[in-house]
Amino acid sequence: MEPAAVSRNCPFDYAEALEFDPVLKHLMTEEPVSRIRLPHGDGEAWLVTGYDDVRTVTTDRRFSRSAVIGRNFPRMTPEPIVQDEAINVMDPPGSSRLRSLISKGFAPRHMERMRVRTQHVVDELLDRMEEHGSPADLTEHLADPLPLATICEVLDIPEADRAQLRSHARTMMDTGIDNRDNAVQAKADLRAYFEKLTAHRRENPGEDLISTLAMARDGDEILNHQELAVMAMVLLITGQDTTTYQIGNIAYALLTRPKELAMLRSDPGMLPQAIEELLRFIPFRKGVGIPRVATEDVELSGVTIQAGDIVHVSYLTANRDGRKFDRPDELDLERTGPSHMTFGWGGHHCLGAPLATTELQVALGTVLERFPDLKLAKPAEEVRWNKTSIWRYPLALPVVW
């Protein structure tokens, strides 16, 4: 079959609470492998939406992440967020070596230490919220500060540096065209900061994750200076804001669904399984992330993708594929079955997923326990949502108890 001839302009700017983007819904049902144009970058790309096709693109060696380096590929943001040396744009075996080294930093003994630190931060933040009194903004008191505080604790970043680093990260996520120069500068400033910090940690290792990564060995292999600096930078960016937004999204989803909230309150032991389903269900971002390049002709769902073509995947649509999930558009906290793709898939599955999951479990479990009658302080339709970032999340979540 010939490739689809019609290319669709996809701003992917839909941000109506947690409703699914109708453009994505149309593509996944009507054009599962389609041609799209994105707000930034040159030319067109393929968008692959089905669960099995997404799995193919993310695991098949005929699709290369590293081949996007140096190309002005179609994307959501004015400046590419990813660094050329980052593991995000490596292919095996290079990425396999790095993943093996980095995974040592997320070994169970380190994760247990991170869980203890996370619980400590959550308890302090909720103490302050309780002192503030009802009503309070759950975004301001918990979702906003927790992931930054946790990742900075885990990386041992000085308190005085944290606000500036977060500002740089947020500048890089902004989708506005007039943000390009600021994004380039923010990226350079973050890079310089972590090059200096990681060099110091290699000479003076402590108990933090950067030191663990600096000392990690796999036979004779270690992370070199550039790899360590870029990995620390990636951990800061991906380890704070995405978890912030998911705490807000999950809290909103539960506070607007009394039945599911009551289920969790009556059986706190089901929280880990419930969080997996919430992660599947929530459209946590807009559009797409880092693409791949086809290194030879590949046929997917009857469409021929040619060698050299840029290929994006949608984890959002994969999570709603009715061929994989029964009643895919329903939130079912008792659901078991295929794994969701919210943390990616294959060789680029998020290495920080264990830390993100730990934070979500600790934060939401503690909120449910400490505030058994928590509810929204205003009607759900009055909650304001972010409109300018690649991420979906409530700007504020006023609650009463």
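Which residue just after α6 takes a positive phi? That is D156, and its phi is about 55 degrees. Before going on, a reminder that we are looking at a predicted model.

Let me stay with helix α6 for a moment. It runs over residues 145-155 and is mostly covered, with nine of its 11 residues buried. The buried ones are L146, P147, L148, A149, T150, I151, C152, V154 and L155.

Part of what α6 meets is helix α14. The axes of these two helices come within 11 Å and cross at roughly 130 degrees. The crossing of α6 and α14 is right-handed. On the α6 side we have L146, P147, T150 and I151, and these meet L355, E359 and A363 in α14. Sorted by class, the contact of α6 with α14 has five nonpolar residues, one polar and one charged. L146, P147, T150 and I151 are also on the list of buried residues of α6.

In general, two packed helices are described by the angle between their axes and the distance between the axes. Helix α7 covers residues 159-173 and helix α8 covers residues 180-203; they pack at an angle of about 140 degrees, and their axes are 8 Å apart. That makes α7 oblique to α8. The crossing of α7 and α8 is left-handed. From α7, the contact uses D161, L165, H168, A169, T171 and M172. From α8, it uses N182, A183, A186, K187, D189, L190, Y193 and F194. By class, the contact of α7 with α8 has eight nonpolar, three polar and three charged residues.

Now the backbone. Most residues other than glycine have a negative phi, and most peptide bonds are trans. Here are the places to look at with that in mind.

Take the cis bonds to begin with. The peptide bond from P92 to P93 is cis, with omega near 5 degrees. P93 sits in the loop between β4 (63-64) and α3 (94-103). Another cis peptide bond joins S134 and P135, with omega about 0 degrees. P135 is in the loop between α4 (108-132) and β5 (136-137).

Then positive phi. Besides D156, which I opened with, there is F12, which is not a glycine and has phi near 45 degrees. F12 lies in the loop between β1 (7-9) and α1 (22-30). Is F12 buried or exposed? F12 is buried, because its relative accessible area is 3%.

R327 also has a positive phi, about 50 degrees, although it is not a glycine. Its place is the loop between α13 (315-318) and α14 (353-370). R327 has 35% relative accessibility, so it counts as partly exposed.

Next, some individual side chains, starting with R35. R35 is in strand β2, residues 33-37. At 16% relative accessibility R35 counts as buried, because the cut-off for buried is under 20%. The R35 side chain makes a polar contact with the side chain of E44, at 3.5 Å.

E227 is in helix α10, which spans residues 225-255. Its relative accessibility is 12%, so E227 counts as buried. Not counting residues up to four places away in sequence, E227 touches R97, L98 and I222.

Last, F281. This residue lies in helix α12, residues 271-281. F281 is buried, with a relative accessible area of 6%. What is F281 in contact with, leaving aside its neighbours within four places in sequence? Its partners are R257, R320, D329, E330 and L331. For a sense of distance, F281 and R128 are 153 residues apart in sequence, and 31 Å apart in space from C-alpha to C-alpha.

To recap the helix pairs: the crossing of α6 and α14 is right-handed, and the crossing of α7 and α8 is left-handed. On the backbone side, the cis bonds I showed are P92 to P93 and S134 to P135. That is what I have.

Methods:
Residues are numbered from 1 along each chain as its sequence is written. This is a predicted model: local features need pLDDT of at least 70, side-chain atom pairs count only at pLDDT 80 or more; totals for chains, interfaces and linings use all residues. Side-chain values use heavy atoms; hydrogens and water are left out. Axes are lines fitted to C-alpha atoms, for helices over the stretch in contact, and angles run from 0 to 180 degrees between N-to-C directions. Helices (H or I, at least four residues) and strands (E, at least two) are DSSP runs, numbered from the N terminus. Angles under 35 degrees count as roughly parallel, over 145 as roughly antiparallel, 65 to 115 as roughly perpendicular and the rest as oblique. A crossing is left-handed if the near helix is turned anticlockwise from the far one by less than a right angle, and right-handed if clockwise. Contact means heavy atoms within 4.5 Å. Ala, Val, Leu, Ile, Met, Phe, Trp, Tyr, Cys and Pro count as nonpolar, Asp, Glu, Lys and Arg as charged, and the others, Gly among them, as polar. Buried means under 20% relative accessible area, exposed over 50%, partly exposed in between (1.4 Å probe, protein chains only). A polar contact is a pair of N or O atoms within 3.5 Å; within protein, one must be able to donate a hydrogen and the other to accept it, and residues adjacent in sequence count only if both atoms are side-chain atoms.
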